[in-house]
Amino acid sequence: MSNSGTEKPFDINEFNVPTPVRRPRRLRTNPVMRSMVAETRLTPKNLILPMFVADGIDEPKPISSLPGVVQHTEDSLVEAVREAIEVGIPCVDLFGVPKDEDKDPEGSDSWNPEGVLNRGLRRLRKEFGDDVLIMADTCLDEFTSHGHCGVLNQDRYGATVVDNDHTLENYVKMAVAQADAGAHILSPSGMMDGQIAAIRAGLDAAGHQNVSIMAYSAKYASAFYGPFREAVGSSLQGDRRTYQQDPANRRESLLEVELDIAEGADMVMVKPAMSYLDILREVADMSAVPVAAYQVSGEYAMIHAAAANGWIDLDAAMMEAVLSIRRAGAEQILTYAAVDLAKKL
Ligand code: PBG
């Protein structure tokens, strides 16, 4: 219909549409207003940087599926941690990448004081003291020749299984070695039953009462760990579904968290983050201890890949992804983007 001279112009009042009284847009009018009313605040203090230290390399080695992330030498690790401290990051989480010849079915290099991870921890604690919290990944998968997070055994029917309780003995040896090397925080990520109680008891018996535990409590068997496997040169064949959780399940996360807190976890974690924000919210609502979440390798890699194609804006998408993890209830967020984000916060 054209608006010829004979027709009345459109007038919304004729339609009796009520004038809005509540105008939520008032609080979105300018950046200062938006920042004043923002419910969720992200600061560098919320961020933990996962890092890799590798044995037998002379210079940092890029990880092709994790743009901007490298396997460090001990020296380049120190420099990268210094940079993280400068931008205000309070904690780094260290993973070790041993040489293939140092892997065995038990993962024994993980409790060797001269193993790559323990050397890295010792070096960082010596360089930085208490200026940054040094967290260690307490899990066997980087150190076992078969790549599983625990040791293998045969069940009574001849099937190969990950032996829970034998694995706990190795975790305790690894934990004590990491604490001896200077780790402030241990992060057991292997999803064995009873691992927190075993590690806590082992630490206490060794005089490490002040070393704390961030438990990977609700850790799912996720396809989003793909790039990490390249990052650590994983030897894994098969999958981790007999110990990591089924993505279909919600309730068992709450059980895992309750158990870990009862066993002595000082902090709990949900992992991955983005596909499990519902779990994170529930855990944050019920946990009596701080709650962390891990934006895993695949989450980081997807954002980088889309940005490299020009499909999304890298910085904006990364910030939004991490902010939503914070909004869902994580107080600590492990992310490979920690330094990039901290520079922009
Ligand atoms: C196991 C471990 C994994 C990650 C952290 N610790 C891999 C796995 O469970 O298969 C994944 C981290 C990431 O994908 O960024 N020790």
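Is C91 buried or exposed? At 4% relative accessibility, C91 counts as buried. Buried means under 20% relative accessible area, exposed means over 50%, and partly exposed lies in between, with a 1.4 Å probe and protein chains only.

The model is predicted, so local features need pLDDT of at least 70, side-chain atom pairs count only at pLDDT 80 or more, and totals for chains, interfaces and linings use all residues. Residues are numbered from 1 along each chain as its sequence is written, and side-chain values use heavy atoms, leaving out hydrogens and water.

Stay with the cysteines. A search of the whole structure finds zero disulfides. A disulfide is a pair of cysteine sulfur atoms within 2.5 Å. C91 is in no disulfide, and its nearest cysteine sulfur, that of C139, is 17 Å away. C149 is in no disulfide either. Its nearest cysteine sulfur is that of C139, at 3.5 Å. C149 counts as buried because its relative accessibility is 1%.

Now turn to the ligand.

Next, look at single atoms. A polar side-chain atom of D141 lies 2.7 Å from a ligand nitrogen atom. For Q244, a polar side-chain atom lies 2.8 Å from an oxygen atom of the ligand. Y336 also has a polar side-chain atom by a ligand oxygen atom, at 2.6 Å. On its own, the ligand has 400 Å² of accessible area, and the protein covers 100% of this. Such areas come from the Shrake-Rupley method with a 1.4 Å probe.

Methods:
A polar contact is a pair of N or O atoms within 3.5 Å; within protein, one must be able to donate a hydrogen and the other to accept it, and residues adjacent in sequence count only if both atoms are side-chain atoms.
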